[in-house]
Structures are given as structure tokens and as C-alpha cells.
Amino acid sequence: MVALDRQTGEVVWDTQTEFWEDGYSLTSAPLYYDGLVITGFAGAERGIRGRVKAYDADDGSLVWTFYTVPGPGEFGSETWPQPDSPYADVYLYGGGSVWQTPAIDPELGLVYFSTGNPGPDFAGYVREGDNLFTTSMLALDVHTGEYRWHFQQVHHDIWDYDAANPVVLFDIEIDGEPRQAIAEASKTGWVYILDRVTGEPLIGIEERPVPQDERHLTSPTQPYPEGDSFVNQYIDIAPQGYPPLVNQGRIFTTFWMEGTIMMPGPFGGANWPPSAYDPASGILYVCANERPGLFRGGEMDNHLPEMPGDSYIGGFFGHVDFPNHGILAAMDMHTNTIVWRQRWQQFCYSGVLATAGGLLFTGQSDGRIMALNSSDGSTLWEFQTGAGLNAPVSTFEHNGEQHIIAYSAGNLFAESPRGDSVWLFSLSGTMDEARPQDFEPNVAEPVHQ
């Protein structure tokens with residue numbers, strides 16, 4: 001992490017946060033608040049132990065660390081293998097990536113973030129228990145890093161259902177009572193809406209029995225939020241050439257090395273692209289994908305990585321030759337129900353920006369920036385940028401005029417055309433559109449062996 005003088009660009013301080021050779025990565029922008037610079041670390045597929053760190057903004061010295069996988073004797077350690085287990089050291093490689101920049105409530109003095117899946121991803125038998133604090137939403141004291149509350153979205157996750165979408169803080173009236181809320185759209189296809197003071201659900205979330213496989217030491221129940229899912233959570237008919245469906249390919253179906261197809265897959269639901277909230281309407285706008293996965297895993301030669309940074313997934317990321325679609329969904333946070341949805345031919349990998357003027361801005365993998373009517377999703381205008389517009393759109397005011405800024409560069413997971421340009425829009429803009437590149441959306445993908 002590096003601090004620069006904003007006037008001269010000179011280095012004020014730099015600090016080695018972690019080492020990439022050990023599997024760690026920084027996938028989000030650092031957050032400044034009240035003299036602290038806060039960041040989370042990712043790398044769960046490389047055998048890391050997730051963490052969030054706060055540094056002194058003046059000199060880069062470490063102020064506090066919170067581990068998203070607790071150590072022996074710490075709160076939450078009872079949800080991991082115990083000291084007498086042959087897998088007692090698995091917590092050191094237990095995952096819990098923090099993919100996104102945290103959020104702050106300055107009045108409550110809390111910092112909020114969500115976490116990724118436990119490690120190894122697809123082999124539950126080495127990590128008996130619910131595996132806190134993976135696939136969870138958490139709140140910490142921003143000045144000390146002390147634990148305040150958590151909510152786990154998936155117990156003992158064996159499906160790579162990271163909570164990778166940025167958390168959103170907002171105030172809302174529910175059942176006639178003003179509430180301080182936090183919400184996160186997940187790979188599961190649900191939005192989880194909690195009280196950001198206590199971590200308790202504001203809209204009901206019920207623990208329901210789910211299919212079991214003793215080889216994975218699966219959790220007997222999983223949380224089911226009331227309301228609607230913004231993507232489909234099952235496949236009714238198996239694609240040609242694939243094994244018959246088990247449990248209709250529904251979410252939380254179990255699997256082993258022979259493979260099971262289900263929806264959503266690890267690249268479905270809501271991933272990194274951020275959601276947007278409209279405080280006037282109480283609607284959350286979610287950029288997601290309907291993509292099944294072929295889940296295969298469970299057996300491993302070694303239960304711990306042989307070397308730091310080794311791949312540590314306990315199975316395979318399997319893609320399915322199946323129609324894949326982007327989903328743009330408007331979700332009413334008063335009831336957690338769908339207001340409207342769109343199904344795209346292309347993946348939705350740009351995120352959403354909502355403005356007070358009743359507009360939504362989002363990007364398409366073929367290079368178009370789109371302005372939509374937030375009330376129904378209808379297109380108002382579009383503009384071709386020449387490369388996949390897969391980064392979030394931002395807005396700012398300059399000299400009394402609103403501007404929209406967008407980065408056009410493409411994306412590995414969207415398989416979109418590459419580029420490297422920044423586009424600035426205003427009502428007085430005069431530039432012509434760029435020439436689009438050839439793009440074939442959602443080409444069938446091979447199964448990864």
C-alpha cells in the first residue's frame with residue numbers, strides 16, 4: 001500500500017501489507033476514515049486466511065487486524081475443526097476473502113464488509129462446522145477492529161457462494177418504523193437485508209432443511225430470505241451430454257467428484273459488480289447473471305496446501321454449455337420483492353449507478369453505456385465506447401453541470417472486447433461514438449477439467 005502527496009505525486013510512505021507469493025491479493029480500493037486506511041485481502045482459492053487491516057494514514061503503521069477465520073480459542077473457532085482433529089490447522093488456509101471496499105457508518109462508529117467462501121472451496125470434509133466468518137456480513141468497531149456482529153449467508157459453504165457484492169447502507173421505513181439497514185446481493189440470488197446496528201434480519205430469513213451428504217459434512221439447514229430471488233435457483237431439464245439433474249438442479253444440492261449441475265453456479269448470481277440504492281423509492285438495483293455450474297469436488301490428495309500460494313479448491317470450477325444471461329433487477333427493500341427485471345443476451349458485469357433524476361447507468365460487454373428509466377428499466381439512450389464497458393459508472397458535478405464518467409476496457413470473465421479508454425459525458429457533450437469491435441456474447445464454454 002502506497003500513500004502519495006496528492007499535489008506532487010511523491011511517495012509519503014509505503015508498507016508491505018501481505019505477500020502475493022503467499023496467495024494474497026488486494027482487489028479493492030482502500031478506504032480512508034478518521035485517520036485510518038482500511039483494506040481487506042482476497043485469495044481464498046490460494047489457501048489464505050482472510051483478514052481486514054487498518055493502517056495509520058500518517059505513517060502507514062498497522063493499527064488493527066481482524067481475521068475472517070478465527071484462530072483457536074477465538075469467538076467462532078468452535079465452527080471449525082477442533083485441536084484434536086487431523087485438520088486442526090485448516091483455519092490457517094480457511095479463506096474468507098474480502099473482495100470489496102468496506103462501508104462506514106460514522107454515527108455508529110462501525111465498519112461493514114462481506115466475506116468470501118471457506119477454503120478449500122469444494123471439499124467440505126476437511127472443515128467440519130459452519131466455518132465462521134466465511135460467506136458472511138460483518139460489523140466491526142472502526143477504531144479498534146473489535147467484532148460487533150455477523151450474519152452468515154451460507155453455512156459450511158461448498159458451492160463457492162462468496163458474498164462478493166459490496167454492502168449497501170441506507171435508512172428505510174419498514175412496517176411503519178424507521179430502520180437503519182444494510183443489504184447485500186449474493187451469488188445465491190438473494191438480497192440479505194439486516195439491521196446495521198444489530199445484524200438481525202429486517203425482512204424475515206428462515207433456516208430451512210437442505211439436502212445432505214455426510215462426505216461433505218454439510219450443514220443441516222441454510223438461511224432462506226423471505227421475498228424473491230433475483231435469478232433462477234434451479235434448472236428443470238439437464239442440458240444435452242450432461243449427467244441427469246439431482247433435486248432439479250436446485251440451489252444447495254450436494255455433489256461429489258462425478259459432478260452435479262445446479263443454478264446458480266459459482267459465476268452466477270450477484271458477483272463483484274456493485275448494486276445501487278435509490279433512497280427516494282427504496283429500490284436496490286442489482287447487476288447479476290443467470291449461469292449454472294457443474295459442481296465437482298470432495299476428494300483431495302492433501303488437505304493443506306503444500307506450498308504458500310498453491311491452488312486450494314478441493315475440486316473443479318466446471319462451466320456448462322447452457323444459455324447464459326445477464327439479469328438487471330430492481331428489488332423493493334421494503335419487502336425484498338422484484339419490482340422489475342431484464343434478461344440480457346450479454347453478461348451483466350458493469351454494476352449499476354442510480355441518480356436522483358430517476359436514471360440508471362450501466363454498461364454492456366459489447367461496449368455500450370446505457371441510460372435507463374429507473375421506474376421500469378426502459379432504455380433512454382445508449383452510446384458505443386468501443387470496448388467492453390464492464391466497470392461501474394460514476395457521476396460528479398463540475399461548474400454546476402453533472403458529468404458521467406465510464407471506463408471502457410473489457411473484462412476476462414465477461415470475455416468482452418479489450419480497450420483502455422475513459423469517457424466523460426455531459427448534456428453539452430459533442431464527441432461521436434466509437435467503432436464497435438466484433439463481439440459474440442455468451443459463447444459456449446468448455447467444462448474445465
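Predicted model: local features only at pLDDT ≥ 70, side-chain atom pairs only at ≥ 80, totals over all residues.
Biologist: Which residue is the bridge partner of Leu 140 in S10?

Modeller: Strand S9 covers residues 136-141 and pairs with S10 in the antiparallel sense. The pairing of S9 and S10 extends over 5 bridges. In S10, the partner of Leu 140 is Tyr 147.

Biologist: Which strands are the edge strands of the open sheet formed by 3 strands?

Modeller: The order in this sheet is S16-S19-S20, and the pairing is antiparallel. Neighbouring strands are turned by 25° against each other on average, direction ignored. An edge strand pairs on one side only, and the two that do so are strand S16 (260-262) and strand S20 (315-318).

Biologist: Which residue in the turn of the hairpin of S25 and S26 has a positive phi?

Modeller: Strand S25 (residues 368-373) and strand S26 (residues 379-384) run antiparallel and are joined by 5 bridges. Within this pairing, Ala 371 stands opposite Trp 381 in S26. The hairpin has 5 residues between its two strands. The residue in the turn with a positive phi, about 80°, is Gly 377.

Biologist: Which cysteines form a disulfide?

Modeller: A disulfide is a covalent bond between the sulfur atoms of two cysteines. A pair counts if the sulfur atoms lie within 2.5 Å, and the count comes to 1 disulfide. Here the sulfur atoms are 2.1 Å apart, and the pair is Cys 287 and Cys 348.

Biologist: How many residues apart are Cys 287 and Cys 348?

Modeller: Cys 287 belongs to strand S18 (residues 283-290). Cys 348 is in the loop between strand S22 (337-344) and strand S23 (353-354). The pair thus links distant parts of the chain, at 61 residues apart.

Biologist: Are Cys 287 and Cys 348 buried or exposed?

Modeller: The link of these two cysteines is left-handed, with -130° about the S-S bond. The term buried requires under 20% relative accessible area. By that criterion, Cys 287 and Cys 348 are both buried.

Biologist: How much space lies in the largest cavity?

Modeller: The structure holds 3 cavities of 30 Å³ or more. The largest cavity is lined by 12 residues, and those closest to its centre are Phe 267, Arg 291, Pro 292, Gly 293 and His 319. Its lining has 4 nonpolar, 6 polar and 2 charged residues. The space in the largest cavity is about 60 Å³.

Biologist: How many charged residues does the lining of the second largest cavity have?

Modeller: The second largest cavity has a volume of about 40 Å³. Among the residues that line it are Trp 99, Gln 100, Tyr 112 and Phe 113. By class, the lining comprises 7 nonpolar and 3 polar residues, while the number of charged residues is none.

Biologist: Which residues lie nearest the centre of the largest pocket?

Modeller: About 380 Å³ of space lies in the largest pocket. Its lining has 8 nonpolar, 5 polar and 5 charged residues. Of the 18 residues that line the pocket, those nearest the centre are Glu 45, Trp 99, Trp 272, Phe 317 and Phe 413.

Biologist: Which elements give two or more residues to the lining of the second largest pocket?

Modeller: The second largest pocket holds about 320 Å³ of space. Its lining numbers 13 residues, with Phe 361, Trp 381, Ile 404, Ser 426 and Leu 427 nearest the centre. These 13 lining residues divide into 7 nonpolar, 4 polar and 2 charged. The elements that give two or more residues are strand S24 (359-363), S26 and strand S28 (401-408).

Methods
Residues numbered from 1 in each chain as written. Heavy atoms only, no water. Pairing = 2+ DSSP bridges. Helix = DSSP H or I, 4+ residues; strand = E, 2+ residues; numbered from the N terminus. 1 Å grid on protein atoms, 1.4 Å probe; cavity = no way out; pocket = protein on both sides within 12 Å on 5 of 7 lines; lining within 4 Å. Points joined across faces, edges and corners; volume = space filled by probe spheres on them. Nonpolar A, V, L, I, M, F, W, Y, C, P; charged D, E, K, R; others polar. Buried < 20%, exposed > 50% of the residue type's maximum accessible area, 1.4 Å probe, protein only. Axes fitted to C-alpha atoms, helices over the stretch in contact; angles between N-to-C directions.
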